[in-house]
Amino acid sequence: MAGTVAKKCLSPLALLTRRLSAPEFITQCCYHKKVVDHYENPRNVGTLDKNSKNVGTGLVGAPACGDVMKLQIEVDDHGKIVDARFKTFGCGSAIASSSLATEWVKGKSVDEALLIKNTDIAKELCLPPVKLHCSMLAEDAIKAALADYRLKQKDDQQEAARASI
Amino acid sequence: MLSPGRTFTSLLLRPASRLPLWLGSEGRAASSQPKELIKKYVLEKDELRPLYMDFQATTPMDPRVLDAMLPFQVNYYGNPHSRTHAYGWESESAMETARKQVADLIGADPREIIFTSGATESNNMAIKGVARFYKAKKRHVITTQTEHKCVLDSCRVLESEGFSITYLPVMSNGLVDLELLEASIRPDTSLLSVMTINNEIGVHQPMKEIGQICRSKGVFLHTDAAQAVGKIPLDVTDCKIDLMSISGHKIYGPKGVGALYVRRRPRVRLEPLQNGGGQERGLRSGTVPTPLAVGLGAACSIAQQEMEYDHRRVSMLANRLVQKIMAELPDVIMNGDAEQRYPGCVNLSFAYVEGESLLMALKDVALSSGSACTSASLEPSYVLRAIGTDEDLAHSSIRFGIGRFTTEEEVDYTVAKCIHQVNRLREMSPLWEMVQEGIDLKSIKWTQH
């Protein structure tokens, strides 16, 4: 166990210039400044009304694993995501991953949001290998929110169909 | 590939012409360029060093200890085992004085103190040494689940050699159950190892009672007293301790030195781990580093003088910290027994907030956590798991270490920052939100990841 202090880490470009045979000798003890930025100024923390039919809620992870993410999206009638909110119980990288996820889904359509991959999130935040699961959980949260939204839409359609009979 | 013993950093410090071929001509020409890849940690221009609140990890050296050590680095530099000249004699005399100072602190005879490279080596020596010496008749060793990794790992090695080890569980307050301990002693038990004060949760085991049990059953008692020596009164005769590990850098002494107390009456025999010229009664060969030994001795003698005052002060500061935090924040749990503890080690779990994110929030205070994220694996601390902490609370724990040089202002600052950041993180936490809405978190089916 060790105390941590926030600091910049190497840019990916410096890593690429090393020869592949060189051994890994840098221990990344500090956070990338992007992670720190998202952590200190998180975007879109909050809650949307989960009972609204335009809101999809994704709750992924488990407290026992130390990572729980709740991501909510509000979709307008044209299938475009107009608002997103998150709440996370997790380390700095988890908070940054979910904050970035909410930033990215805003303005995308429901289908485009499905294309967001954990590798993109990890690359953007320069996550070290030990923190890659945080980005995976963020991707799962997006998918869970979208799935919940679709489920609500399907239920609405079924209800509308039943009502019209 | 690199031969063993050479590191990449030492390679780069060589002149360019002597770099190995596999680095290529590019490596030789650009030998200055890879140096920036050796990430040197330097503070930014206006960045201040964090407040140090991690006294269980290590302690700064007391300036008086440094004063005692310095002459032996540059002036009295002889090998203490040189019998034939004054350099050796003066070093030996200093070493023996240091030995007496260590012995006085724990109520031992100087002939019972062996200098080692630290508590890890002392633990290894004690456990492996005693077990292997008596292995003809006794093949059982007992320890607890909350021991330091070096003790647990030594026991694992013994297991692979054919010994049988009992890892005693602890109760939810961190203390061992004395009846269970007594019941697990078998006729073929050679050693029982229990640490006096736990480095993660600060619980103080009932050493007197355990010593009584061991003596009555003819089992050697070893204790890892790295966190206890110099902080609480410890007497090896009183507690009937046969072996004790001492660490220099936990008692405001130098790093790289420790000691092992090995009882002479009744004699405890050990198989040495390190063989050589027979120094330290043949139990630990190798030149005793005079400056470090003198430093350890000075640290012990200072600790003996300052013990009562330090203990009062540390208790006062720790109470201040805990009372203030618990008064302002709900759902904060102290891990480990509230009474039987060393006050300077406070381990708190802040429910619904993850430990590593809190450490990041408290970035101008140097703290430690029992959270998984700060270890390489995703497993939370095994000590917290052994005391039965819920997994989510184990992820939420922070250890505050208070020591001789902690000031009231530091404690107040830490408390204020902690309260503010915990509230902020709870606002960001879905678990806190669910609890506020009245949902029972244990009833939810979480997605396993």
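These questions and answers go through helix packing, sheets and a few local features of a predicted model.

Visitor: What makes helix 3 and helix 9 of chain B roughly antiparallel?
Guide: The axes of helix 3 (residues 63–74) and helix 9 (residues 290–328) of chain B cross at roughly 160°. Angles over 145 degrees count as roughly antiparallel. Therefore helix 3 of chain B is roughly antiparallel to helix 9 of chain B. The two axes come within 8 Å. The crossing is right-handed.

Visitor: Which residues make that contact between helix 3 and helix 9 of chain B?
Guide: Helix 3 of chain B brings Arg64(B), Val65(B), Ala68(B), Met69(B), Phe72(B) and Gln73(B). From helix 9 of chain B come, among others, Leu292(B), Val294(B), Ala298(B), Ile302(B) and Glu306(B). By class, this contact has 10 nonpolar, 3 polar and 2 charged residues.

Visitor: How does helix 4 of chain B pack with helix 9 of chain B?
Guide: Helix 4 (residues 86–106) of chain B packs at an angle of about 35° to helix 9 of chain B, with the axes 8 Å apart. Their crossing is left-handed. Residues of helix 4 of chain B in the contact include Ser91(B), Ala94(B), Ala98(B) and Leu105(B). Helix 9 of chain B meets them with residues including Ala293(B), Gly297(B), Ser301(B) and Met307(B). The classes here are 10 nonpolar, 6 polar and 1 charged.

Visitor: Why are helix 5 and helix 6 of chain B called roughly parallel?
Guide: Helix 5 of chain B and helix 6 (residues 149–160) of chain B pack at about 30°. Angles under 35 degrees count as roughly parallel. So helix 5 of chain B is roughly parallel to helix 6 of chain B. Their axes are 9 Å apart, and the crossing is right-handed.

Visitor: What residues meet where helix 5 and helix 6 of chain B pack?
Guide: Thr120(B), Asn123(B), Ile127(B) and Lys128(B) are among those in helix 5 of chain B. On helix 6 of chain B, the residues include Cys150(B), Val151(B), Ser154(B) and Leu158(B). The contact divides into 7 nonpolar, 4 polar and 2 charged residues.

Visitor: What is the strand order in the open sheet of 4 strands in chain B?
Guide: The order is 9-10-13-12, with antiparallel pairing.

Visitor: What makes strand 9 and strand 12 of chain B edge strands?
Guide: Strand 9 (332–334) and strand 12 (368–369) of chain B each have a single partner strand, so one side of each is left without a neighbour in the sheet.

Visitor: How do you know that strand 10 and strand 13 of chain B pair?
Guide: Two strands pair if there are at least two bridges between them. Strand 10 (residues 345–350) and strand 13 (residues 397–401) of chain B are joined by 5 bridges. Helix 9 of chain B lies across strand 9, strand 10 and strand 13 of chain B, at about 10° to strand 10.

Visitor: Which strands of the chain A sheet stand at its edges?
Guide: The open sheet of chain A has 3 strands in the order 1-2-3, paired antiparallel. Strand 1 (55–62) and strand 3 (81–89) of chain A each pair on one side only. The twist averages 10° from one strand to the next. Strand 1 and strand 2 (residues 67–75) of chain A pair over 8 bridges, and Gly56(A) has Ile73(A) as its bridge partner.

Visitor: Which helices pack on that chain A sheet?
Guide: Helix 3 (residues 92–105) of chain A touches strand 2 and strand 3 of chain A, at about 175° to strand 3. Helix 6 (residues 132–164) of chain A touches strand 1, strand 2 and strand 3 of chain A, at about 145° to strand 1.

Visitor: Why is the pair of Tyr134(B) and Phe220(B) called tilted?
Guide: The planes of Tyr134(B) and Phe220(B) stand 50° apart, and the centres 5.4 Å. Pairing needs centres within 6.5 Å; planes under 30 degrees apart would be stacked and over 60 edge-to-face, so the rest are tilted. Tyr134(B) lies in the loop between helix 5 and strand 3 of chain B and Phe220(B) in strand 6 of chain B, so the pair ties together parts 86 residues apart in sequence.

Visitor: What makes the bond from Arg265(B) to Pro266(B) stand out?
Guide: This peptide bond is cis, with omega near -5°. Most peptide bonds are trans. Pro266(B) lies in the loop between strand 8 and helix 9 of chain B.

Visitor: What is the phi of Cys126(A)?
Guide: Phi of Cys126(A) is near 55°, a positive value in a residue other than glycine. Most such residues have a negative phi. Cys126(A) sits in the loop between helix 5 and helix 6 of chain A.

Definitions and conventions:
Residues are numbered from 1 along each chain as its sequence is written. Chains are lettered from A and ligands numbered from 1 in the order in which they are written. This is a predicted model: local features need pLDDT of at least 70, side-chain atom pairs count only at pLDDT 80 or more; totals for chains, interfaces and linings use all residues. Side-chain values use heavy atoms; hydrogens and water are left out. Helices (H or I, at least four residues) and strands (E, at least two) are DSSP runs, numbered from the N terminus. Contact means heavy atoms within 4.5 Å. Axes are lines fitted to C-alpha atoms, for helices over the stretch in contact, and angles run from 0 to 180 degrees between N-to-C directions. Angles under 35 degrees count as roughly parallel, over 145 as roughly antiparallel, 65 to 115 as roughly perpendicular and the rest as oblique. A crossing is left-handed if the near helix is turned anticlockwise from the far one by less than a right angle, and right-handed if clockwise. Ala, Val, Leu, Ile, Met, Phe, Trp, Tyr, Cys and Pro count as nonpolar, Asp, Glu, Lys and Arg as charged, and the others, Gly among them, as polar. Rings of Phe, Tyr and Trp (its six-membered ring) pair if their centres lie within 6.5 Å; planes under 30 degrees apart count as stacked, over 60 as edge-to-face and the rest as tilted.
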